[in-house]
Each structure stands twice: as structure tokens, then as C-alpha cells.
Amino acid sequence: MSLLKSTFAVLTGACLRSMVSEQSPSKQPGAQARLQQVAEFDHQVTGVTVARDGRIFVNFPRWTEDAPVSVAEVASDGSIRPYPDQAWNAWRNAKRDEMDPGQHFVCVQSVVADEQGNLWALDPAAPAQSTLVPGGPKLVKIDLASNAVKQVIAFDQTAAPQGSYLNDVRFSSDGRLAYITDSGARGALLVVDLASGKARRLLDGHPSTQPEKGVVIKTDGKPLRRPDGRGVEFAADGIALSPDGKYLYWQAIKGRTLYRIATGALDDAALPAKSVEDKVETVGENGPADGLLFDRHGRMYISAVEENAIKVREDGKVSVLLQDSRLRWPDTFALGPDGTVYVTSSRIMDMHWFKLENPPALKTTLFRIEATPR
């Protein structure tokens, strides 16, 4: 979303306040960052995460096909195996009346390894980003030592109403809370108490979590639209937690503006919703982006979906780290235990939704970024 103009600020009140002056994105001179392919998949990948022991995990949402695997571990040779087992990955849309959506991955959008030795799978349970499967939205905790599911946090219609699409998740540094973006019909943030499983839906319909009017996502130099003229309308999507855990950042894909809020405001369950809204801050413009990630140095990585590029935000300035034609819609970032940054290329612009001549199943890629400059 672009910076809010003064007239818009008057209409929405003083709930958004500008923090930093804008800097035009510029190419980083002498940058030596490059992509190294880690794995190629036969299906559309979105999320990636790397555990403390270096194990890599990815997920495949059910968007244009009934994907045979939802969550997978990536072997050193690039092959994948269903994780934690075949049973959790057994859901098929054609058999939905025969299967318990609460005990199977329906349409996983994100996987994140925490600092406590767990893998979390976020399942919005909305195949094709359409009708939500009742009883399906959930956050699944898998113990990486035993490879066993230890907890399933189910989201009711209050937390994940019909039309929602829970997108990505970050965890507080103490491991107590999860922060989730909803990129569906009405953008929002969820704050989840992991011990009780209780979820609070915040900034529901707030300007900072909605697609920005007037922004048209372009790829290959042309507006990205479906045959009926609809464009990209994803709401709050990319999410990142500052290295010190004090601020949560997010933005809509159909937007340019990056927002943040102090996690203290999100963590206080007694704080009224309006007070939470008043604490939202405008950081600056990233341009349309999907994934966000902070590295160990406090630099924010930004997936520049229109430009087949990765940008970084540092000291209030945005610059292009690398641009590569293989980055067909850079999607999700992950940080490895050695500081290496990984990124998926999900090829959203090449989907059957937008290009009817393409098959439902798309080959996609996982990369790591090598020789990142300092």
C-alpha cells in the first residue's frame, strides 16, 4: 500500500503515523549476491523454513491442483518426503466428506520452525483460496525430535471467518505467542496464545491490513489479471518480527506500504481494539511484496514480486540486492542457522488462474542466497 495522503489520514483518524522519510529504491552498486538452486519441485511451493539443525521444510498449498503433498522435508539431494508422515498429508479435495479436516493438512500456506525445536504448519484450509473447509483452519505443532504432532490449535469462525486465508506466522521470542496475517477477503492480524490456543483477531478491516485501491500488480511489464479481469487482491500477507522481538511488521501484496506495531500492544489482551489500531505505525514504501524477513544484522529482505528481485531495507533505505529471471514471484524467505537466507519462487504469475494455457501443476524452485554483501 502506498503512503497515506493527508486527506486519507483525516478520514481514517490518527491511527497511522509516519515514522521514517521515504527513500527511492536503488540498485546496490557492486552487489555480489547470487542465487544457488537448492531444489526443484513438481508442484507449486510457497513456504520454506530451516530448523536449528539445518533441516529444510517446505509446503505446497492446494490452489490449482489437488497437490499430493502438503508439508515436506527436503533431503540433501533435493528430493522430498511427506512430513511428519503420509497420514497427515492424505487429504484430497475429492475425498473431503470422508476425512477429518482437523487431523489432515487441507491447504497449508506456511511452515515455520521455532526456537524451541518445533515445526509449525499454518493451514488456512481454503483450497483455491476459495471456500473455507469448516473445522480445517489450524496451526499444527510438530516436535522435530520425534517427528510427531504434539498440538493442533483449531481456529473457529471468530478467528478465521469464511473468506479468510491465514497466510504467514511468526513467534514471539519467548515462544508464548504466534502472530498471523490474514490475506483473505478482509485482512487482519491474529494473535494466538499457544498454551491455551485462544486467538484474538485484531486490525480486522483496518487500512493497514487491506489491499490498497489504485495499486495494480504488474508482472512481465503487464497488469496481472485473470480472464474475467480480476487482478491480485491479497491483503495483509508478508510478516516479519524484528530481531529484538519488539516490533511486528507486515504489508499487503496489493500495496506498497510497510507497517509495524509494538508487540507489547499486541500482547496485551486487555488493550481495546481501538487502542491497538492507534498504535499502528507507517514505516515506508517497499513496493508490492510478498515475503518479508529480518536477517541477523537487522536488514529486512523484501520479495519484489513485480521485478523478479529481492530488495533489502536498511537504515530507512530500500535497495535491490539481486534480480534474476528465475525468481518468478519470490514468495517466502527463511533464515538458516548459519545466517544463510533461503527463498522460494512460487510462480504465482504463471498460474492457471492467470494463464489458462499453463497446466494446473507448476514446477517451482527453492534457492539460497550466496555471498550476500555487507
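1. Phe 60 has a relative accessibility of 2% and therefore counts as buried, where buried means under 20% relative accessible area, exposed over 50% and partly exposed in between, with a 1.4 Å probe and protein chains only. Phe 41, at 3% relative accessibility, likewise counts as buried. The note concerns a predicted model, in which local features need pLDDT of at least 70 and side-chain atom pairs count only at pLDDT 80 or more, while totals for chains, interfaces and linings use all residues. Residues are numbered from 1 along each chain as its sequence is written, and side-chain values use heavy atoms, with hydrogens and water left out.

2. On aromatic pairs, rings of Phe, Tyr and Trp (its six-membered ring) pair if their centres lie within 6.5 Å; planes under 30 degrees apart count as stacked, over 60 as edge-to-face and the rest as tilted. The count by this rule is nine aromatic pairs. One of them joins Phe 41 and Phe 60 edge-to-face, with 5.3 Å centre to centre and 80° between the planes. Phe 41 belongs to strand β3 (residues 34-41) and Phe 60 to the loop between β5 (56-59) and β6 (71-74), so the pair ties together parts 19 residues apart in sequence. Strands (E, at least two residues) and helices (H or I, at least four) are DSSP runs numbered from the N terminus.

3. Trp 353 and Phe 354 also form an edge-to-face pair, at 6.4 Å centre to centre and 75° between the planes. Both Trp 353 and Phe 354 are buried.

4. The charged end of Arg 226 sits over the ring of Trp 353, 4.4 Å from its centre; the criterion is NZ of Lys or CZ of Arg within 6 Å of the ring centre and within 35 degrees of the ring normal. Arg 260 lies over the face of Tyr 247, at 3.5 Å from the ring centre.

5. Lys 138 is in strand β10 (residues 138-143) and, at 0% relative accessibility, counts as buried. What does the side chain of Lys 138 make a polar contact with? One partner is the side chain of Asp 123, at 2.7 Å. The Lys 138 side chain also reaches the backbone oxygen of Pro 101 at 2.7 Å. A polar contact is a pair of N or O atoms within 3.5 Å; within protein, one must be able to donate a hydrogen and the other to accept it, and residues adjacent in sequence count only if both atoms are side-chain atoms.

6. The largest pocket holds about 810 Å³ of space. On a 1 Å grid over the protein atoms alone, a pocket is an open set of points with protein on both sides within 12 Å along at least five of seven lines, a cavity is a set where a 1.4 Å probe fits but cannot get out, and lining residues have an atom within 4 Å of a point. Grid points are joined across faces, edges and corners, and a volume is the space filled by probe spheres set on the points. The lining of the largest pocket comprises 32 residues, with Ala 113, Glu 115, Arg 170, Leu 293 and Leu 335 nearest its centre. Strands that each supply at least two lining residues include β4 (48-50), β8 (110-113) and β12 (166-171); β26 gives the most, with four. By class the lining has 16 nonpolar, eight polar and eight charged residues, where Ala, Val, Leu, Ile, Met, Phe, Trp, Tyr, Cys and Pro count as nonpolar, Asp, Glu, Lys and Arg as charged, and the others, Gly among them, as polar.

7. The second largest pocket has a volume of about 360 Å³. Its lining has 18 residues, the closest to its centre being Gln 129, Gly 184, Arg 226, Glu 233 and Phe 234. By class, eight of the lining residues are nonpolar, seven polar and three charged.

8. There are two cavities of 30 Å³ or more. The largest cavity contains about 60 Å³ of space, and its lining has no nonpolar, seven polar and four charged residues. Among the residues lining the largest cavity are Asn 167, Asp 237, Asp 290 and Asp 331. The second largest cavity, of about 50 Å³, is lined by residues including Trp 63, Gln 129, Phe 234 and Asp 331.
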